Amino acid sequence: MVRGVSAAIREPQPADVGAVAALHVAAWRETYGHLLPEEYFTDEVAERRRRMWTQILSDPRPEHVVRVAELDGELIGFAMSGESDAGGRQLYMLYVLAAHHGTGAGQALFDAVLAGGPASLWVARENPRAIAFYRRNGFAFDGAEQSDPATPGIVEARMVR
């Protein structure tokens with residue numbers, strides 16, 4: 001277990017599925033609640049996250065690196081990276097509950113899943129806090145954008161390092 005500024009960073013276990021899935025939904029609500037309709041946050045969405053995390057944690061892929069941030073026995077953030085189609089690594093997810101922004105937990109998670117070197121990620125254009133964080137970590141926009149019909153209102157832009 002690696003100690004971050006305010007949280008312990010560790011590899012999640014299958015027993016963490018429920019907590020990580022709930023954290024994922026809560027972090028999305030905090031981060032994208034102003035972009036997505038309230039109807040987006042249904043029990044079905046929560047169940048999809050649970051199934052997703054069950055798969056990730058029960059059948060880990062060797063190319064993925066997944067870590068969680070834990071403080072006082074509660075999960076407060078998570079991150080995941082893997083191989084990029086363009087070479088290097090790709091940051092797939094990095095979320096920390098808003099109450100823990102600025103504590104160093106996000107940076108500790110980032111550092112734990114994405115070493116230096118070439119990397120890419122997709123970030124919501126309407127997420128200035130995340131964009132600033134990624135810029136501080138050497139990323140810049142490359143002009144590519146995408147949107148997913150399942151998440152109306154969110155346009156993602158690619159950043160590379």
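A residue is termed buried when its relative accessible area is under 20%, exposed when over 50%, and partly exposed in between (1.4 Å probe, protein chains only). The structure is a predicted model, in which local features need pLDDT of at least 70 and side-chain atom pairs count only at pLDDT 80 or more, while totals for chains, interfaces and linings use all residues. Residues are numbered from 1 along each chain as its sequence is written, and side-chain values use heavy atoms, with hydrogens and water left out.

Helices (H or I, at least four residues) and strands (E, at least two) are DSSP runs numbered from the N terminus. In helix α2 (residues 43–58), Val45, Arg49, Trp53, Ile56 and Leu57 are buried. These buried residues line one face of the helix, because they fall within an arc of 95° when α2 is viewed down its axis; the arc is that of the directions from the helix axis to the C-beta atoms. Asp43 and Glu44 are exposed on the face of α2 turned away from its buried side. The buried residues of α2 pack against α1 (17–32), β3 (65–71), β4 (74–83) and β5 (89–96), where contact means heavy atoms within 4.5 Å. The length of α2 agrees with expectation, because its 16 residues, at 1.5 Å a residue, should span 22 Å and its end C-alpha atoms are 22 Å apart. The expected span is 1.5 Å times one less than the number of residues in the helix.

The buried residues of α1 are Val17, Val20, Ala21, Leu23, His24, Val25, Ala27, Trp28, Thr31 and Tyr32. Their cover includes α2, β3, β4, β5 and β6.

In soluble globular proteins, nonpolar side chains tend to be buried together. A nonpolar core is here a set of buried Ala, Val, Leu, Ile, Met, Phe, Trp, Tyr and Cys residues joined through side-chain atoms within 4.5 Å. The largest such core has 25 residues, and Trp28 and Trp53 have the most contacts inside it. Two or more residues of this core come from each of α1, α2, β3, β4 and β5, with α1 giving the most, 8 residues. Leaving aside neighbours within four places in sequence, Trp28 is in contact with Gly33, Leu36, Tyr40, Phe41, Arg49, Tyr95, Thr151 and Ile154. Another core, of 23 residues, lies apart from the largest one and includes Ala7, Ile9, Ile76 and Ala105.

Thr151, a contact of Trp28, is found in the loop between β7 (140–147) and β8 (155–160). Thr151 counts as buried because its relative accessibility is 9%. Outside the four places on either side in sequence, Thr151 touches Trp28, Leu36 and Tyr40.

In helix α3 (105–113), the buried residues are Ala105, Gly106, Ala108, Leu109, Phe110 and Val113. They are covered by elements including β2 (8–10), β3, β4, β5 and α4. Ala108 has a relative accessibility of 18% and therefore counts as buried. Although Ala108 and Ala69 are 39 residues apart in sequence, their C-alpha atoms are 8.3 Å apart in space.

A pocket is an open set of points on a 1 Å grid over the protein atoms alone, where a 1.4 Å probe fits, with protein on both sides within 12 Å along at least five of seven lines; lining residues have an atom within 4 Å of a point. The largest pocket has a volume of about 1200 Å³, the volume being the space filled by probe spheres set on the points, which are joined across faces, edges and corners. Its lining comprises 45 residues, of which Tyr32, Met93, Leu94, Tyr95 and Tyr134 lie nearest the centre. The elements giving two or more residues to this lining are α1, α2, β5, α3, β6 (119–124) and α4 (128–136), and β5 gives the most, with 7 residues.

Leu94 is placed in strand β5 and, at 15% relative accessibility, counts as buried. Beyond four places in sequence, Leu94 touches Phe78, Ala79, Gly106, Leu109, Phe110, Phe133 and Tyr134.

Asp72 lies in the loop between β3 and β4 and counts as exposed, at 76% relative accessibility. Most residues other than glycine have a negative phi. Asp72, although not a glycine, has a positive phi of about 50°.
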